[in-house]
Amino acid sequence: MVIRSLVSVVDDDESVRESLPDLLRELGFAVQAFASAEEFLASDCVGQTRCLILDIAMPGMSGPDLQRELTLRRQEIPIVFITAHGDETVRPRLLEQGAVECLFKPFSDTALRDALNAALRVS
Amino acid sequence: MENEFSRVVDALPGLVWTALPDGRIDFLNQRWCEYTGLSVKEALVVDEAYGRGWQRAIYPEDLPELLERWRSIRASGQQGEMEARLRRFDGEYRWFLFRACPSADASGKVVKWCGMSIDVEDRRRAEEALRAREGRFRLIVDGLPALVTLRTPTGDLEFANRRYLEYFGATLEQLKGWAWGDNFHPDDGAGVLAAWRRSVETGLPCDIECRRRRADGVYRWFHMRGFPLRDTEGRIVLWYLLHTDIDDRKRVDALLVGEKRLLEMVAGGQSMSGILEALCHFVESTASGCYCSVVLVDPSGTHLEYGAAPSLPASFITSIIGRPVNVDSGPCAMASYLNEQVIAADLKSETRWAAYEWCPMALAHGLQACWSTPISSAVGKVLGAFALYYDKPRTPTSLEQSLIEQFTHIASIAVERVQSDAALKRSEVFLAEAQHLSSIGSFSWHVATDEITWSEQLYRIFEFDQGVRMTHELIDSRVHPEDALMCREVIERALGDGSDVEFEHRLQMPDHSVKYLHVVAHGTRDQEGRLEYIGAIQDVTERRRAEEALGQIRSELAHVARVTSLGALTASIAHEVNQPLSGIITNASTCLRMLAADPPNVDGARETARRTIRDGNRASDVITRLRALFGKKSATTESVDLNEAAREVITLLRSELQRSRVILRADLADHLPPVSGDRVQLQQVILNLLLNASDAMSGVDDRPRQLVIRTERDEGDRVLLTVQDAGVGFETQDVERLFEAFYTTKSGGMGIGLSVSRSIIESHHGRLWAAPNDGPGATFSFSIPRRPEGVRGAHSLGAIWKSAVTDAQQVMRNP
């Protein structure tokens, strides 16, 4: 039995939490979805997560906030940011701060797979 | 013989006596002695003097005259009579007539006097009574306040009372010598003579008014009446002629006639100069010998103006007019200045007005006296002066003073009336002009008589010919057919209780153009309780058009503002659209993969396809909402739930606010009543306020970017929506500037949001305001009336009309 890498999805948008895990499973990953950064941090998945797919804008703790928090906790999980805001200027800054990729919604399944592959290579 | 004679004489039923030529009584008959109670001896002898004893029976006071008379009878040798009172035996004196006849001998010498004493007491009494009566009559007639004459049946003068004699300054005898007509006014004599002759001929009373010349040459008016006095057989024995002095009454009558004529001229709107000239002529004819002038004080109150002076030389009056109103420039100027009468009785000795050499000027024109009296208005303002001039020195008599008073009064009425007429005309012109400029016409409607009066402007508004008689039918022919029923209902309801009316309606003109009218009318009742409406009608077509144009501009501006905020929302919109798009693509990818698997995961594919559709719908919803909010659309009126409207805006803004790290708290009241208005416009305002609040907090990092949107019921059936931020706030002095178009505190904004928002809220009869918070930030609020229940009810005519207009506009735009 192949042990699938755990990919955690943190997004406040329900449709993302519904659709993205299915696609990730089709791509061969194990998936956990969380509605907020706080929920993710409180879960026992943090240590097992091989890649974090993280929404940037969320109520409460935002994606970058979570990134900083994980850095502080020395939990170096590769992060692929996803955002519905088409603001190109955020991407370089996020990559600079250690993100593997920043995908703008809507993104294709291949772009997602490439980003995941890159993330898993990092890890 | 002697005894025989004595017996006969004694038997006579009278008192008989004889006397000697020297007057001594030598015989008294027995009756004489019996009557007087004297014996024969006593009657013949007294104090040894023979023949004088009878004298003791005569009333002592009558005796000297009796003896004198007796002497003169004897001296005449002729028969004579005398009267004296004789004492009866009982001591009572009665008047007797003593009649004596001489008896002569053959040579003609009187040898004896034969006499009789006859009791005339009753006759004397009657005569005295008559004399007393006559005396009383004369007293009465002389005392009558009338001139009285008695004339014979043929008209000859017989008697005139004292007043009559005094009036003519003549005795009765002199008057009898005057010819008829001598003392009548030349204009009256012939008429009076004819009337008098007719009365004498027919015996009918005479009644005529005439002037008669007094002793001093003055004619006075009399009312002359003649009555015939008839005897028992109806023959005229006497004419009484009664003259009553009616001169004062005649003068008053003449004054009244003159006054009436002058006042008629005033009432008839004659020119002031015409009226004043007539006044002068009238005064001159009434107070003969005078010259009359009226000068007026000019509108500035500083100089004299020409009024009237028809009989004075032009050079005289022109040297008066234009003089300053003061005490020095002349009597009229002085009277006007002091508001007091100025009497200059003798200009030769007059010392006033020397500075202006007024007296020499007047004297050069032959005037020697001037009486000037101020003409004052009813409220005491001096209008001018009324002056009488004489060519001899004169002081006014009390009669003349009262005339002056009367004429001054008439002059003041004339001047004041003419001036107020002029002022009235002026103000009427102003009013007409003002009505014309403001497109307001006025009207009155007497309900009982259906009498309708229109101002000129109202004719113009309705486009009827000036002066056409107004009827309801005529008015109805112009009222817009769609408003006719409403107009009728409004008027009928008002007539029910006479209440005031205010409503708006349209006119449809013959060329099918439409006018909008605003009608305001006030109901009043006259003394008999009859209803009358007085009102004003304003043509508000231009205003309506401007309002419509304004509405259009407002919606353009709102669109501009919306487009502006669209820019600000791009990211948010992208987020809203990208979110479901992302779901769609992810789901579709998953679906493909599930179908491509071996075996294909059909159930999973079906589920992902279902989610694809859902997300597609979600994207479509976003687009619909965006179009609703940002599409250009004209205003509509509907029932709006502000909570729901706010929630939709919040949904649209959610991600934008998240991105700006704004914490939004929605505190929306339950059971909020709906408001009436344009949903999208109101949402636009809410959006604007939320975006502004968010922007205001963009630089805030030391405190939560807390944004609270709250709805609640407000006082007076209103709904309040507030947006409270914790941003930079604003300075109190800037609070009103916030709402000015193009005022902005933001570097990137156009600043049009708040001014447009305010105009939107005001078009919803609401209010939008801002206030700084106690802590950081500011609160923006708007309050708008809740949707009235039964808005189409009869209470709000304006609302009916407005909604009708809006409907019509809708129909016109979307036929």
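This is a predicted model: local features need pLDDT of at least 70, side-chain atom pairs count only at pLDDT 80 or more; totals for chains, interfaces and linings use all residues.
Figure 1. Chain A holds five helices and five strands, and from the N terminus on the elements follow the order β-α-β-α-β-α-β-α-β-α. Of the 123 residues in this chain, 53% are buried. If you take the contacts in chain A between residues at least 6 apart in sequence, 59% of them join residues at least 24 apart.

**Figure 2. Chain A meets chain B.** Here the view turns to the interface. On the chain A side 23 residues take part, in contact with 24 residues of chain B. Between them the two chains bury about 2,100 Å², and carbon and sulfur atoms carry 51% of that area. Which residues of chain A lose the most area to chain B? They are Glu26(A), His85(A) and Pro106(A), which together account for 27% of what that side buries.

Figure 3. For context, most peptide bonds are trans.

Figure 4. Asp598(B) and Pro599(B) are joined by a cis peptide bond, with omega about 0°. Pro599(B) belongs to the loop between helix 18 (541–596) and helix 19 (602–630) of chain B.

**Figure 5. Arg74(A) and Trp353(B) both have a positive phi.** Most residues other than glycine have a negative phi. Arg74(A) has a positive phi of about 60°, and Trp353(B) has a positive phi near 60°. Arg74(A) lies in the loop between helix 3 (63–72) and strand 4 (79–83) of chain A, while Trp353(B) is in the loop between strand 15 (342–344) and helix 13 (358–364) of chain B. Is each of these side by side residues buried or exposed? Arg74(A) is exposed, at a relative accessible area of 70%, whereas Trp353(B) is buried, at 3%.

**Figure 6. The largest cavity is lined by residues of chain B.** Two cavities of 30 Å³ or more are counted in the model, and the largest has a volume of about 100 Å³. Its lining includes Trp17(B), Trp32(B), Trp54(B), Trp70(B), Met82(B) and Phe98(B). Strand 2 (25–28) and helix 4 (63–76) of chain B each give at least two residues to this lining. What classes of residue face the cavity? Nine are nonpolar, one is polar and none is charged.

**Figure 7. The second largest cavity has a charged residue in its lining.** Its volume is about 40 Å³. Among the residues around it are Leu304(B), Ile320(B), Arg323(B), Ser329(B), Gly330(B) and Trp358(B). Helix 12 (residues 331–338) of chain B contributes the largest share of the lining, three residues. By class, the lining of this cavity has six nonpolar, two polar and one charged residues.

How values were computed:
Residues are numbered from 1 along each chain as its sequence is written. Chains are lettered from A and ligands numbered from 1 in the order in which they are written. Side-chain values use heavy atoms; hydrogens and water are left out. Helices (H or I, at least four residues) and strands (E, at least two) are DSSP runs, numbered from the N terminus. Buried means under 20% relative accessible area, exposed over 50%, partly exposed in between (1.4 Å probe, protein chains only). Contact means heavy atoms within 4.5 Å. On a 1 Å grid over the protein atoms alone, a cavity is a set of points where a 1.4 Å probe fits but cannot get out, and a pocket is an open set with protein on both sides within 12 Å along at least five of seven lines; lining residues have an atom within 4 Å of a point. Grid points are joined across faces, edges and corners, and a volume is the space filled by probe spheres set on the points. Ala, Val, Leu, Ile, Met, Phe, Trp, Tyr, Cys and Pro count as nonpolar, Asp, Glu, Lys and Arg as charged, and the others, Gly among them, as polar. Buried area is the accessible area (1.4 Å probe) that two parts lose on being put together, summed over both.
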